Amino acid sequence: MGDTTGVTGLGDGELWARAVRGEAECFGVLFDRHCEAVRAYCARRTGSVDAADDLVSIVFLEAWRCRAGVELVDGTALPWLYGIARRTVQHRWRSALRHRRALSRLPPPPVTPDHADEVAARLDDERRLTQLTRAFARLPAADRDVLILCVWQGLSYAAAAVALGVPVGTVRSRLSRARARLESLATPDALIGSASRQELP
């Protein structure tokens, strides 16, 4: 990427317009701006931090390929990127499952005593992700998507509608249904502070 000094303060709309014209450094700024949010979505959707890292690269490669078709919501391209991420996860789900199963058959690496706290924290994070994934796995795919986008990623109804490609009313009804179902399926620990009951903007 080239020098981004003069473009880091631009909004998504101007950056995307320049990216469409071939200014790769503008796309680099967009990547830096939104990659962590996309990575968090992919991690929550797949339950795997490693898979999320791989998926982020694929999402932004696809975004670059389709950059002329970006759809902004309130001046941000993030809902559109979530839409690409959702489709990417769907397409890669089976191969990701095979990958995780293969990794699970490998012997665990030796634990270094000097890093006990770090290892314990990572194991706790993975345990929570596993609990969430198991709860989500019992929900229909449409319910999982709307719950992740609206609750954990914090999208408004309108932004989630763009990401999911459905009307706003459908987002509202799906979210209400998903909250009720998850409430009955997930443990309080997996919900991590009853996040599924937070209010949306």
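Which residue just after helix 2 takes a positive phi? Gly47 does, with a phi of about 75°. Helices here are DSSP runs of H or I of at least four residues, numbered from the N terminus.

The model is predicted, so local features need pLDDT of at least 70 and side-chain atom pairs count only at pLDDT 80 or more, whereas totals for chains, interfaces and linings use all residues. Residues are numbered from 1 along each chain as its sequence is written, and side-chain values use heavy atoms, with hydrogens and water left out.

Helix 2 spans residues 24-46 and bends by about 50° at His34, the bend being the angle between axes fitted to the seven residues ending at a residue and the seven starting there.

The structure holds six aromatic pairs. Rings of Phe, Tyr and Trp (its six-membered ring) pair if their centres lie within 6.5 Å; planes under 30 degrees apart count as stacked, over 60 as edge-to-face and the rest as tilted. Among them is the edge-to-face pair of Trp16 and Phe27, with ring centres 5.6 Å apart and planes at 85°. Trp16 belongs to helix 1 (residues 12-20) and Phe27 to helix 2, so this pair ties together parts eleven residues apart in sequence.

| Residue | Relative accessible area | Class |
|---|---|---|
| Trp16 | 2% | buried |
| Phe27 | 8% | buried |
| Phe31 | 28% | partly exposed |
| Phe60 | 5% | buried |

Trp16, Phe27, Phe31, Phe60, Trp64 and Trp80 form one aromatic cluster.

Terms used
Helices (H or I, at least four residues) and strands (E, at least two) are DSSP runs, numbered from the N terminus. Buried means under 20% relative accessible area, exposed over 50%, partly exposed in between (1.4 Å probe, protein chains only).
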